[in-house]
Amino acid sequence: MDKFRMIFQFLQSNQESFMNGICGIMALASAQMYSAFDFNCPCLPGYNTAYSVGILLVPPLVLFLLGLVMNNNVSMLAEEWKRPPGRRAKDPAVLRYMFCSMAQRALIAPVIWVAVTLLDGKCFLCAFCTTVPVAVLGNSSLVPSLPAPELARLLARVPCPDIYDGDWLLAREVAVRYLRCISQALGWSFVLLATLLAFVVRSARPCFTQVAFLKSKYWSHYIDIERKLFDETCTEHAKAFAKVCIQQFFEAMNHDLELGHAHGALTTVAPTTSVTPTPTPAPADGAEEEREKLRGITDQGTMNRLLTTWHKCKPPLRLGQEEMLMGNGWAGGEPRPPRKEVATYFSKV
């Protein structure tokens, strides 16, 4: 259990490196998934395009959503977006920075999938096989004599070598090479465009909006750290609360048992004999330390009000100013003046 706790604390302290590693693993997994995927083109005029577009777009969408789900900051972003303003205004720039940071990592695996799909060429071949210029690459003299539905049926079978029977019109190898060449050109263009876009977003953007970038980055880190510290404080309070509650339960049971034994002894001994119950031991120093960790929150209703207040009205981001915490939030107002202390001295006559 201690080893798992140490691993969890390490991942929390190195969350950015951990998420970068997860994104890299997902990118490699997407490429491996495509290589293991059995692409079967239906080779029908009305279904080739729909099947190819689905293979090109649906898996990247699934990988993008998985990348967002595996990011721990998704819940933090949703909580910050939906929380009541209270005494702390919501900054849209911080929310945009948080979403862009998550989206950049989540887009790595979908980009790899699309790039590998285009460079392989099977999907593009299946989608656009009916658009091959037969008049340029095939027997142009036979094209006018064929009706359009028959020509589309023949060209739709180009990705399927087992059932293709149109070599007399167009050599299959010529059509395959032509479409794969275009697909690979689009694939490398897509890789170049994605690389340039990533360079602009990661490098050029902070140079033009340095002040706004620093502010958004700082407050994004602040929200993350504040949430972690609040969770740790609540965990510490819950542990101390449970420990004190269990200790009180055992002390009460011990007291009841001692009273029961004392009552039984009084009924069996002579009337002149007195039985003194065993005194309850004083609380140890550990119990006092646990009570100090409770910070005065010693019942369920008070704790529920504290959690409700934290959600509805978080404290303002101003340090060094005393604020009064009311039942429904932080009440503004001038700081209370310090209390005056008066000392009276008596002299012995």
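**View 1. Met253 in helix 11 of the predicted model.** Helix 11 covers residues 210-268, and Met253 lies within this helix. Met253 is partly exposed: its relative accessible area is 40%, which falls between the 20% limit for buried and the 50% limit for exposed residues.

**View 2. A nonpolar patch on the surface that includes Met253.** The patch is formed by Met253 together with Ile246, Phe249 and Phe250. The accessible area of these residues together is about 440 Å².

**View 3. Helix 13, residues 300-312, from end to end.** The helix has 13 residues, and at 1.5 Å a residue these should span 18 Å.

**View 4. Buried residues of helix 13.** Thr302, Met303 and Thr309 are buried in this helix. Because the arc they cover around the axis is only 125°, these residues are on the same side of helix 13.

**View 5. The start of helix 13.** Here Asp299 contributes a side-chain oxygen, which reaches to within 3.2 Å of the backbone nitrogen of Gly301.

**View 6. Thr309 and its contact with Arg305.** Thr309 is found in helix 13. With a relative accessible area of 9%, Thr309 is buried, as the cut-off for that class is under 20%. A polar atom of the Thr309 side chain lies 2.8 Å from the backbone oxygen of Arg305. In an α-helix there are 3.6 residues a turn, so residues three or four places apart point the same way.

Notes. Residues numbered from 1 in each chain as written. Predicted model: local features only at pLDDT ≥ 70, side-chain atom pairs only at ≥ 80, totals over all residues. Heavy atoms only, no water. Patch = residues over 30% accessible without salt bridge, like charges linked within 9 Å, V, L, I, M, F, W, Y side chains within 5 Å. Areas by Shrake-Rupley, 256 points an atom, 1.4 Å probe, with all protein chains shown as cover. Salt bridge = Lys/Arg side-chain N within 4 Å of Asp/Glu carboxyl O. Helix = DSSP H or I, 4+ residues; strand = E, 2+ residues; numbered from the N terminus. Buried < 20%, exposed > 50% of the residue type's maximum accessible area, 1.4 Å probe, protein only. Expected span 1.5 Å × (residues − 1). Arc of directions from axis to C-beta. Polar contact = N/O pair within 3.5 Å; in protein donor to acceptor, adjacent residues only side chain to side chain.
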